[in-house]
Amino acid sequence: MIRALGMMSGTSLDGVDAALIETDGIRIGSFGRSAFRAYSDNESAVLHGALGCWPGDKRTAEAAAISVASHAALAQDFPEAGLIGFHGQTLAHDPGGWGTHQAGDGAALARQVGRPVVWDFRSEDVRQGGEGAPLAPFFHWACAEWAVGQGRLPARPLCFLNLGGVGNLTWVDPTATAPEADGACLAFDTGPANAPINDLLRQRRGWTRDEGGALALSGQARHNVVADFLRHPYFQRPPPKSLDRDSFAGLADQLRGLSDADAAATLVAVLAESVAAGMRWFPRLPEQVLVCGGGRHNRAIMAALSAVLPCPVQPVEAAGLDGDMLEAQAFGWLAVRVQRGLPTSGPSTTGAPRPVCGGRISWPRIG
Ligand SMILES: Nc1ncnc2c1ncn2[C@@H]1O[C@H](COP(=O)(O)OP(=O)(O)OP(=O)(O)O)[C@@H](O)[C@H]1O
Ligand SMILES: CC(=O)N[C@H]1[C@@H]2OC[C@@H](O2)[C@@H](O)[C@@H]1O[C@H](C)C(=O)O
């Protein structure tokens, strides 16, 4: 088993999560400590300003420097990690066109922290014809396998729903022998999650988020807006499929004229209904949906999901997992898989034509 540090800065642009995990790249030995470093207002403004930018753009260089510096600062607090998984900051994602862009040079990070760094997890999958996302699904299989072994879950198919800036859903069969095995996973991005809620409240109120979902809970969702939105072709398209943070930028226009509370409630309903629409792609009903990511702290979201999904919905903590750190752990686990040459994605997760071992390894200079 290797002790790896996974680091993730997601599409909600709130900061960097870091978590230790001990693994052979297949099974989870143990979970370790974790930490979060919030982006400062200035860092966050630079990253927001670079959204949609591709390598070569001046705004990318500044965002990449912030990404490396903030990850290096966090990594210094985890000297026990022998390997680092560095996702980088997604600035743009267009797998059918320009590709996918995670800012931050892993080779520079390896030099700064003096340890090997696995990074650029998504490009090879896109190069081979995959979506390049989502990548956490193989780790969801490992989490389910771990939780069944701990007696925390029955050995029956279930779903993991990650609610970050964007939502992504994975159907997992924990009895499968490997995540790349036939029938082990089926995954895709569901639709917008926290990003449009944060953006709405930043614009209208200068807030970073709707704390606990209190504002949305005080509003009324406009079901005509939700129904209109769900007619977007993305929701009729079968998986594999993935989204950029701002794939649905037009959604904000449909909220004009609504009170802040009604607009927030409508975005919550859009999130929940897009997850419900995604359930149709699974071979059978999962036993339950376990929710990870920051969206599970929003009570309006959890209530809306419970109301529209056809099975019980709980935070992943119900299975003994840490919903704030699951993605960071995923990139530690994926880093070990890359080092061992194991696949990190495949036809059932990103639609790549065959299992792909993505990611590059950068070594620190010796001597
Ligand atoms: N207490 C809370 N109340 C309401 N919303 C919350 C709370 N805590 C977190 N969130 C929401 O969750 C977001 C952060 O979620 P998370 O850290 O899972 O996203 P991410 O990792 O950046 O994104 P992604 O999974 O898309 O890469 C916040 O920006 C906020 O919108
Ligand atoms: C391109 C990119 O960074 N996508 C993110 C984003 O945030 C959620 C969703 O969209 C998912 O596809 C992915 O992140 C998680 C960690 C994943 O790859 O599984």
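**Figure 1. Helix α5 and the residues that it buries.** The buried residues of α5 are Pro137, Phe138, Phe139, His140, Trp141, Ala142, Cys143, Ala144, Glu145, Trp146 and Ala147; a residue counts as buried if 20 or more other C-beta atoms lie within 10 Å of its own, as exposed if 12 or fewer do, and as partly exposed in between, with C-beta atoms placed from the backbone. The structure is a predicted model, in which local features need pLDDT of at least 70, side-chain atom pairs count only at pLDDT 80 or more, and totals for chains, interfaces and linings use all residues. Residues are numbered from 1 along each chain as its sequence is written, while chains are lettered from A and ligands numbered from 1 in the order in which they are written. Helices (H or I, at least four residues) and strands (E, at least two) are DSSP runs, numbered from the N terminus. Because 11 of the 13 residues of α5 are buried, the helix is largely enclosed by the rest of the structure. The cover over these buried residues includes β3 (28–38), β7, β8, β9 (185–192) and α11 (326–340), where two residues are in contact if their C-beta atoms, placed from the backbone, lie within 7 Å. From first C-alpha to last, α5 reaches 18 Å, close to the 18 Å expected at 1.5 Å a residue; the expected span is 1.5 Å times one less than the number of residues.

Figure 2. Gln150 is found in the loop between α5 (137–149) and β7 (158–163). Gln150 is exposed, with 12 other C-beta atoms within 10 Å. Its C-alpha atom is separated by 29 Å from that of Pro347, 197 residues apart along the chain.

Figure 3. The domain assignment of the chain gives domain 1 (2–132 + 325–362) and domain 2 (137–319), the bounds coming from an automatic or database domain assignment. The centres of the two domains, taken over C-alpha atoms, are separated by 22 Å. Across the boundary, 26 residues of domain 1 are in contact with 26 residues of domain 2. On the side of domain 1 that touches domain 2, the elements giving two or more residues are β4 and α11, and the largest share, 5 residues, comes from α11. The residues of this side divide into 10 nonpolar, 12 polar and 4 charged; Ala, Val, Leu, Ile, Met, Phe, Trp, Tyr, Cys and Pro count as nonpolar, Asp, Glu, Lys and Arg as charged, and the others, Gly among them, as polar.

**Figure 4. Helix α11.** Of the 15 residues of α11, 13 are buried, so the helix is largely enclosed by the rest of the structure. Its end C-alpha atoms are 21 Å apart, which agrees with the 21 Å that 15 residues should span at 1.5 Å a residue. Just after α11, Gly341 takes a positive phi of about 75 degrees.

**Figure 5. The surroundings of ligand 1.** Ligand 1 is surrounded by 23 residues, the closest being Gly10, Gly164, Asn194, Gly293 and Gly294; a residue is near a molecule if its C-beta atom, placed from the backbone, lies within 6 Å of it. Helix α6 (residues 194–205) gives the most to this shell, with 3 residues. By class, the shell around ligand 1 has 3 nonpolar, 15 polar and 5 charged residues. It draws at least three residues from each of domain 1 and domain 2.

**Figure 6. The surroundings of ligand 2.** Around ligand 2 there are 18 residues, and Thr90, Ala133, Pro134, Ala136 and Val166 are the closest. Strands β4 (83–94) and β8 (166–172) each supply at least two residues of this shell. The shell around ligand 2 divides into 6 nonpolar, 10 polar and 2 charged residues. Domain 1 and domain 2 both give residues to the shell, so ligand 2 lies between them.

**Figure 7. Leu290 in strand β10.** Leu290 lies in strand β10 (residues 289–292). This residue is buried, with 30 other C-beta atoms within 10 Å. Not counting residues up to four places away in sequence, Leu290 touches Leu158, Cys159, Phe160, Gln314, Val316, Ala318 and Ala319. The C-alpha atoms of Leu290 and Pro312, 22 residues apart along the chain, are separated by 8.6 Å.
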